[in-house]
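Trainee: Can we go through this one together? I have a few quick questions.

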Amino acid sequence: MEGLAAEAYGYLSAGIGAGLVALGAGLGIGRIGQGAVDGTARQPEATGDIRTTMIISAALIEGVALFGMVICVLLVFK
Amino acid sequence: MAAAAEGNNEGGGVDILGHILDSNEWHLGPLHIPLPQFELFGIDMSITVHLLMMWIASLFLLVTLITSTKKRGLVPSGFANAIEALVIFLRDDVIVPNVGAKDAPRFMPFLLTAFLFILACNLLGLIPFGATATANINVTATLAICSFIAMIVGGIRHNGFVGYFVGLIPSGLPLWLMPIMIPLEFLGLFTKPFALAVRLFANLTAGHVVIISLISLIFVLNTLAVAPVAVMFALAIYLLEIFVAFVQAYVFTLLSAVFIGMAIHQEH
């Protein structure tokens, strides 16, 4: 197998990158969920505050994940 | 979404991007309304779909808010009740804890406008034949620039022009750290609105791409058997998109409030 064309490398790396981004986001938000559920189990009165904090943190981490996704999409179209 | 179902009759490739990018024609199913295109001083000022959607969102907000808060009694009734609840929630839980009670009235108009406008634009994109204006990086970049201006103006007004930039660097640092901290803090000024813009843009665009891809699966695979599964998945993602619309508007407003608060009260 000869070397792939430059475009093929771009598509390949975009695919792998997107997978890694999803992996990172999944792990991060999973840990947030774990912390939120643990906190709610310890102190059910704080459910509302914990839920709000969880949603904000999840949105921020998804923001970072989507940065990576935007780079992958840019790779596909260059 | 109806537009996505209509235009994907190619068996192999599917024009996903065509349904997300801005265009000069409003696609209403079989009807393609061309929007006026004109140039002003050499700059392309033609009316595009996203611009039209922004106008519709602004018009909707103006009409809804003005007519429902017209009767200014002490106790609001009807829809004004809901709007007052929303405004009080934003003021007491988002703006005042971050900006401080003294400066809150100064920044509330901008932050409330940002929240309601982003929410209206996001939700308009989920209606059939609507397009998401906030899925356009130019729109989100402009909103982030408005946040940036609010940050800088608030900070300079409170701390003085030189005082603001001097206050960017935490006090009590050893001198050899300064060459690292100064460019870092200065760059940090710009990464915050950049993150705001990209977060909003990417979240909205990604949701739409997923919905369009799922529906296009039916056309790409050229079978009808895939339809129930695809539509079920697309429905689930659609509901998630509604949730994301609210959350992203809230997060934009919250982070803008946090950054403005950080710019005003610079004691780290």
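Trainee: Where in chain B does pLDDT stay under 50?
Mentor: Over residues 1–11 of chain B, for which the model has 24 contacts beyond four places in sequence. pLDDT is the predictor's confidence in each residue, from 0 to 100, and two residues are in contact if their C-beta atoms, placed from the backbone, lie within 7 Å. This is a predicted model, where local features need pLDDT of at least 70, side-chain atom pairs count only at pLDDT 80 or more, and totals for chains, interfaces and linings use all residues. Residues are numbered from 1 along each chain as its sequence is written, while chains are lettered from A and ligands numbered from 1 in the order in which they are written.

Trainee: What does chain B average in pLDDT?
Mentor: The average is 84, and 92% of the residues score at least 70.

Trainee: New topic. How many helices and strands are in chain B?
Mentor: Eight helices and four strands; these are DSSP runs (helices H or I, at least four residues; strands E, at least two), numbered from the N terminus.

Trainee: At what angle do H3(B) and H4(B) pack?
Mentor: About 125 degrees, with their axes 10 Å apart. That makes H3(B) oblique to H4(B), because angles under 35 degrees count as roughly parallel, over 145 as roughly antiparallel, 65 to 115 as roughly perpendicular and the rest as oblique. Axes are lines fitted to C-alpha atoms, for helices over the stretch in contact, and angles run from 0 to 180 degrees between N-to-C directions.

Trainee: Which residues in H3(B) meet H4(B)?
Mentor: Among them are Val87(B), Leu90(B) and Arg91(B), and the H4(B) side includes Phe107(B) and Leu111(B).
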